[in-house]
Amino acid sequence: MLARIRKGSDSLFIRIILALIAFSFVGVGAAAFVGGNSRGNIVEFTKAPAISMEEFQLAKAQQVDALQRENGVNLTEENIAELGIDRSVLTSLINDSMVKYLASYYDFDISEKKLIDLIKTLPTFKNQNGEFDLATFKAAFRGSPRREEEYLASIKKNLITSMLLDSFAGSFYVSKTMTENMIDYMSETRTLDILSIDLDYKPKNYKAKKLEKEQLEEFYKGNQTMFIEPELRSFSYLKADEKFLSKRLELPESELKQYFEENIDDFAGAKYTKVKKQVRQELKKNKLEELVNELAKNFEEDVASGLTVQEIATKYDLKLMSVNSMSIDALNSSAKPEYAELADNLFEMMEGEVSYPIEVQDQNAILLAAIDSVTPSRQLAFDEVVKQITYTLTKRALALENVKRLEDVQKNYDPKKISSKTLNAKGISYLANKSFTRAEAPLNEKFPSALLEAAMSYKAKTSTMLIGDGKKAHFAYVKHIKNNKTKAKKIKENSEVYFANIIKDAMFQELISHLIQQNEMQVTQEDQAN
């Protein structure tokens, strides 16, 4: 538990109290449940409700969808595995089960009336007069994949979790000694000498060793994946955006009044003149959605009838844009958001094929594209990449020489015998007597975080290992370690309550772990053959 407390204080990021506690699996990898069928349970408990495979897959799909929408990307199965989404989703579901178990055990619940009263106090759903606006609340869920019921259930779950945490925190006393020990730890100050060398540094009269053809060929054969030219696509596309659609949009006064009268309950009984602007906004949004759907249907019919993208652009007076020779990675990383929207579709189409309408998420816009040409992926020949290989190996050799030069200094570093003039002659920069407090070190942006993290873990009168950041290599020598009373006083004034909460949080983690053991949690192995 002390390790968890220390780790929490090192992070310096205040965790939101409503967040569910993370739990690390022991001896259970993601492979235990990825690839199973959709039937049965993935996790079972003796007292708490089991977690079904269907529940897990739904939560995973929602998490993946949220990540894709928030970041404007399409995640592959490989990306999902690299991000550890399976593990994080299952962890969240397990903690949800434990919180529900505790809530049920202690009979914690929130009435529907209390929940609605709380929603009405949220600033998000208030109008200009500071009053709850039902129309604003309902509008927040139009076109959103999240339903009102899901939102209310989420709020209820977080409130119950908060009640549990508050009850637990209120019953656990954090002694002054515990917080003072943590404050002393965070106020620890280390005086460092920091030595660095640029990996591209070239000493005076430096001459790179000549590389033999055999060396270049050996590197080429051993790293052929570095020299694959990706598949490229040239394409034409059009974009019908909100500006285009708005030209076709009409909002006469009669329709505004009709919309107001048909949805008068959404405007909390307000007079038309007072909410006319809001009525216009909502009606415009609804009409734009209708226009998008109508245009998408028209585009679909045009494509099905055999029209080319050029003919469709001419028919609707839309600008046709052409893009030459782009890989899927280049499309996904482009500054133009529509490229990422088109990427997956373009690389599934054949030359000459016209796509069906692609609606841009969170925008009133439609894309339509056609493949002009396809350049297949190919392995670049050795002769095509000789210069690239020569550059890579020459740069690598120079970097290794510089690392070796710094390593020779690091092995026998003695601050009393050091000469800045000698170091400078070797291309090594030298900063003496730099002080870092443990609490402030993670916030430093001048030096690599890994370097300062290492310096905070080494004993006095010792040098850290060499640490690189891609451009330079560094090491730090720990001269002195002491507690800074001024820093300790400041930390106590600003963070004593925070540290007390970290300790309580760590204790709550222990409770969750204990409950999981009590419930004899089992991650079931689904039949991979099904």
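Just after helix 4, D107 adopts a positive phi of about 60 degrees. The structure is a predicted model, in which local features need pLDDT of at least 70 and side-chain atom pairs count only at pLDDT 80 or more, while totals for chains, interfaces and linings use all residues. Residues are numbered from 1 along each chain as its sequence is written, and side-chain values use heavy atoms, with hydrogens and water left out. Helices (H or I, at least four residues) and strands (E, at least two) are DSSP runs, numbered from the N terminus.

**Helix 4**

- Helix 4 has 21 residues and spans 30 Å from its first C-alpha to its last, close to the expected 30 Å; the expected span is 1.5 Å times one less than the number of residues.
- Buried means under 20% relative accessible area, exposed over 50%, and partly exposed in between, with a 1.4 Å probe and protein chains only.
- D86 belongs to helix 4, which covers residues 85–105.
- D86 counts as buried because its relative accessibility is 7%.
- The side chains of D86 and K60 are joined by a polar contact of 3.0 Å. A polar contact is a pair of N or O atoms within 3.5 Å; within protein, one must be able to donate a hydrogen and the other to accept it, and residues adjacent in sequence count only if both atoms are side-chain atoms.

**Strand 3 and its partners**

- Strand 3, residues 188–198, is mostly covered, with 10 of its 11 residues buried.
- Strand 3 runs antiparallel to strand 13 (residues 472–483), and 11 bridges join them. Two strands pair if DSSP finds at least two bridges between them.
- Strand 3 also pairs with strand 10 (residues 428–437), in the antiparallel sense and over eight bridges.
- L192 stands opposite V478 in strand 13, and its bridge partner in strand 10 is K434.

- Strand 1 (residues 41–44) and strand 14 are linked by two bridges in the antiparallel sense, and V43 has V523 as its bridge partner in strand 14.

**The protein as a whole**

- The secondary structure comprises 19 helices and 14 strands.
- Of the 530 residues in the protein, 37% are buried.
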